[in-house]
Amino acid sequence: MLGYALWRFVLLRDVLAFKRMWWLFLSGFVEPVFYLFSIGIGLGALVNDVTTDQGMVISYAAFVAPAMLAASAMNGSIADTTYNFFAKLKFSKTYDTMLATPARPWDVAIGEILWSLIRGGVYSAIFFVVALAMGFVRSWWAVLAIPAALLIGAAFAGVGMWATTYMRSWKDFEFVTLVIQPMFLFSATFFPLAVYPESLQWLVKVMPLYHGVELQRGLLLGDMHGGLVVSVLYLVVLCALGLWGASRRISRLLLT
Amino acid sequence: MAPDLLLTARNLTKKFGDFTAVDGIDVEVRKGEAFGFLGPNGAGKSSTMRMVGAVSPVTSGELRIFGLDPETHAQQIKARLGNCPQKDLLDEELSVEENLWVYGRFFGLSKAEVRERATELLEFAQLTERRADKVEHLSGGMKRRLVIARSLINNPELLLLDEPTTGLDPQARHILWDRLFRLKRQGVTLIITTHYMDEAEQLCDRLVVMDKGAIAAEGSPKDLIARYSTREVVEVRFDADDHGAFADSLSGIGERMEVLPDRILLYADDGDAATAAIADRGIDTLSTLVRRSTLEDVFLHLTGRTLID
Amino acid sequence: MSEDLSSLSAEAPPAARHPGASRLSAGARRPLGWVERVGVLVAYHWVLFKRTFHGALVSRFLLPVLFLASMGLGVGSLVDESSGGVDGVPYLIYVVPGLVMVTAMNVGVGEATWPVMGFIKWNEFYRAMLHTPHRVLDVLLAHWVMIAFNVLISAGAFMVVAALFGGVDSWWSLLALPVAVLVGMAFATPLFVVGAKAANDSIYSAVFRLVITPLMLFSGAFFPIENLPFWMQPVAWATPLWHGVELGRAAFLGGPVPDLWAVHVGVLVAYTLVGAWFSVRAVRDRLVA
């Protein structure tokens, strides 16, 4: 069938393009690692132990590590589906060329999201190895940490791409910063939900990264509880919604 | 130095490492004339212009602009120059008139002076209606006119134009030439570089033909054509890939012949007579065209190459 | 507007019309003194500043405040609960001067990266400036003045917000402002060299990722560098941010003048001046060769 799985070529193009920039690609994993060492360990020396929202008492670094794993997945997929996607959409017109072939907008969306997942997955995997080496992985449930990271990445990739289709210029990317940075700082990443006043806790629980962090924390610490089902469902729904929205908007933008 | 000499260069040389961009040229430009550097890309024209604009140091030789040495008096020279570089160098985020204002202020002009001049120059550049628009929304021709208006903001005594119409469509070029012609009539001294022979013929009173960093010839367009070419040229084309094969059959017609990949040029004072001679020999051509000699022919004769390749 | 040839107007005015005006008249023109030269170039940056200011509000003002809330209040509550603060003060008070210096660094770096490459490589407006009676040094000095101003207002605005959060204890804190400007410049001037020499802007991603982020995290802004592994402490000593944080924290706490204040200031000044010297050379090589 003509047009079958043409997203492979979208993906291939990304792989080829990044071969030339591999160091930029690879070095993307360092940021969460730096945070783990700095805030988790350096500042953690002043914190001693933390009680998680599930009542587990652990070292501060062990508390921060799963959160940084979730953040790695988010960072990796957001980079490709927002900034890089926008550059290709608006400036290099990569997709116009691609759609002159039998590839459909759906192929573009799938190809780009898969690429971003590869990136998010690589970052998460490297981070996971670091966390494992430092003893922050406490349970066999952690074998699910990488699949969970891919789920987190996919949730952010679809939504990120969808949002990017509405961007008019680079200036609009301030909004990306405006959404990602607060999420990074406040999704129970550096301190548990209990620190917040009751009235603010629901706001944190709405943020997708919070659910990613909860999921990874449960898996790495082996602290499985019913709330994780809600988190997984939240991320799956977000992922589906993002894919649906992104491919609809890409069709509208490119096939006019 | 004579008071009406705005520019003198003696053995002017510019080197970038081992590469000699300008190889010992001698040039004089007088007040009120339109002087041209004609040559292909890479002939050393822009390097010369950057030295004259006091933004690129002279490697060796002597250069005086307004009688001043650019090495020691760059600020004083630039205060009296208008510089219209090859790239627009506009701030595309600012509006048309803001570009003129900020540039005028760079010369230390007062706000009132800048605004008055900007109003006049927008009129001159036919941009008054676009004055409040962002530069990024202008066409290429409008941007060029804005750059020329900007270079006039300090009321320069000498205007440098580096490839002023490169990249413009024919209509935009004609509008620009018209503006430059007006400047010339008002007595602004112009120095123009170009690789378009029609531009050099239209605008320049006097020019030098530059090739590989050196001057190949100097004079008015008319002089140069008279000296290095015939009055007319016959362009002969054959239905063949190799025009060189026909050179022998045409020899003796006209004064001189140039064989190009796609045509043969026959230089003759009487083109029609030459065409008739070709017909008399019974040679089967695809087309023959009689035209006047241009500076392109001068360049071809001097260097054996065409201006645009 | 019509670009038809027939519509060209006949009256064209730009020949000499200002015989009396000093800088428009024929012959030698009154030269600009260096203050005037830098001043007219700063005026241009001021036009740009007014135009782009609102676009930078999020990264300039909001992000530091978010860090303040997350680290100062959130993590701070854990620190205070567990060790009663740092160096005898609540964590919020401890971290605010660190964040002032981090803000100064980020603004200095932000202004000295993409905008500089724009002026040198993209719209090449530095070249346009050099076609007017200005030297490379004038062009760069004017840009630095504007960056210093940017750092000053960003650090100042952050301090006002921090004071509202209860993170400022003493009027001596105001002394941190000139230090913040020095920190911003110590990062900004060396980065001009990168802008003049780099082939494209992908280098900046690496600078942020591999230099700026680790500096922010490991230069004593969030915790004493004594908590770092011993081999990392000398690295912190070599960075401008640590010296700025030390001076800023002393100012904020209103305590005694740090013994090594002259060293701290000296390091910041040295970074700024050495960076300035090399950047003048690099920009000259690039634009007036």
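Tutor: Two residues are in contact if their C-beta atoms, placed from the backbone, lie within 7 Å. This is a predicted model, in which local features need pLDDT of at least 70 and side-chain atom pairs count only at pLDDT 80 or more, while totals for chains, interfaces and linings use all residues. Residues are numbered from 1 along each chain as its sequence is written, and chains are lettered from A and ligands numbered from 1 in the order in which they are written.

Between chains A and C, the contact draws on 27 residues of chain A and 28 residues of chain C. On the chain A side, the elements giving two or more residues are helix H3 (30-42) and helix H8 (174-186); helices (H or I, at least four residues) are DSSP runs, numbered from the N terminus. That side of chain A consists of 18 nonpolar, six polar and three charged residues, where Ala, Val, Leu, Ile, Met, Phe, Trp, Tyr, Cys and Pro count as nonpolar, Asp, Glu, Lys and Arg as charged, and the others, Gly among them, as polar.

Chain C also meets chain B, with 38 residues of chain C in contact with 43 residues of chain B. Here helix H1 (34-52) and helix H5 (125-130) of chain C are the elements that give two or more residues to the chain C side. The largest share of that side, seven residues, belongs to H1(C). By residue class, the chain C side that touches chain B holds 26 nonpolar, five polar and seven charged residues.
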